[in-house]
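Me: I would like to learn how to read a few features of a model. Please take them one at a time.

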Amino acid sequence: MSYEPPRPVRGLLLTPEDKEAPARVSRLRRLGLGSRPEPGLDAFADHLAQLTGAPYAMVNFIGADHQFFAGLRTPLTAPVLRADGTRPEVGRVMPRDHGFCPHVVVRRKALVLEDVRDYPRFAGNPVVDDYGIRSYLGAPVFDGSGMALGTVCAFDVAPRAWGRSGLETIKALAAEVAVRIQRSADDGLPI
């Protein structure tokens with residue numbers, strides 16, 4: 001048996017292995033989530049952005065090889081310019097190895113990054129360079145069985161002192177989304 005150290009990708013360790021991905025994908029399909037925008041979750045993302053004062057907020061479901069933002073709030077005009085003078089646009093789908101949400105799902109714990117550049121594991125993530133992301137606040141969304149389906153998150157292009165109140169807020173909002181998902185599954189109500 002030989003040991004192969006983790007391969008670096010643009011300065012960070014690979015996104016952690018996600019052994020629950022096949023079961024999560026199956027569960028998301030059964031719930032009808034993770035493949036189309038959800039107006040109720042878009043409204044929820046707007047609310048999250050207002051609560052945190054962050055320009056970006058999402059309800060994100062994690063698949064095997066991608067992330068899907070079923071709830072999305074972005075600024076009308078991206079607050080950063082790329083080196084070529086264009087502004088990045090955030091769509092509904094992002095590769096699994098971009099961003100911080102896959103780490104939250106695998107860790108099964110909230111993640112607060114006040115300045116992503118302070119963390120070598122995250123500083124080289126493609127969203128840092130491509131979108132100018134500098135701070136992140138996210139918590140996992142669990143279903144009734146305890147499976148992490150995705151995240152509720154907010155991020156900014158400037159370092160942010162989210163603090164304990166930010167952590168408590170994002171955890172409470174993730175729990176609220178979990179209740180909405182369960183209610184939708186049980187009663188057929190819209191999320």
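Me: Which pattern does the protein follow, read along the sequence?

Reply: This is a predicted model. Along the sequence the pattern is β-β-α-α-β-β-β-α-β-α-α-β-β-α, with 6 helices and 8 strands in the protein. The radius of gyration is 16 Å, close to the 16 Å from the globule rule for 191 residues, so the protein is as compact as a globular protein of that length.

Me: What share of the contacts between residues at least 6 apart in sequence joins residues at least 24 apart?

Reply: That share is 65%. As for burial, 50% of the 191 residues count as buried.

Me: How many aromatic pairs does a search of the whole structure find?

Reply: Rings pair if their centres lie within 6.5 Å, and planes over 60 degrees apart count as edge-to-face. Here the search finds 3 aromatic pairs. One of them is Phe100 with Phe122: the ring centres are 5.6 Å apart and the planes stand at 80°, so this pair is edge-to-face. Phe100 lies in the loop between β5 (93-95) and α3 (101-107), while Phe122 belongs to helix α4 (residues 120-123), 22 residues apart. Together with Tyr136, Phe100 and Phe122 form one aromatic cluster.

Me: Are Phe100 and Phe122 buried or exposed?

Reply: Buried means under 20% relative accessible area. Phe100 has 3% and therefore counts as buried; Phe122, at 7%, is buried too.

Me: Where does the charged end of Arg160 sit?

Reply: The charged end of Arg160 sits over the ring of Trp162, 4.3 Å from the ring centre.

Notes. Residues numbered from 1 in each chain as written. Predicted model: local features only at pLDDT ≥ 70, side-chain atom pairs only at ≥ 80, totals over all residues. Heavy atoms only, no water. Phe/Tyr/Trp six-rings, centres within 6.5 Å; stacked < 30°, edge-to-face > 60°. Helix = DSSP H or I, 4+ residues; strand = E, 2+ residues; numbered from the N terminus. Buried < 20%, exposed > 50% of the residue type's maximum accessible area, 1.4 Å probe, protein only. Lys NZ or Arg CZ within 6 Å of the ring centre and 35° of its normal. Rg over C-alpha atoms; globule rule 2.2 N^0.38 Å. Contact = heavy atoms within 4.5 Å.
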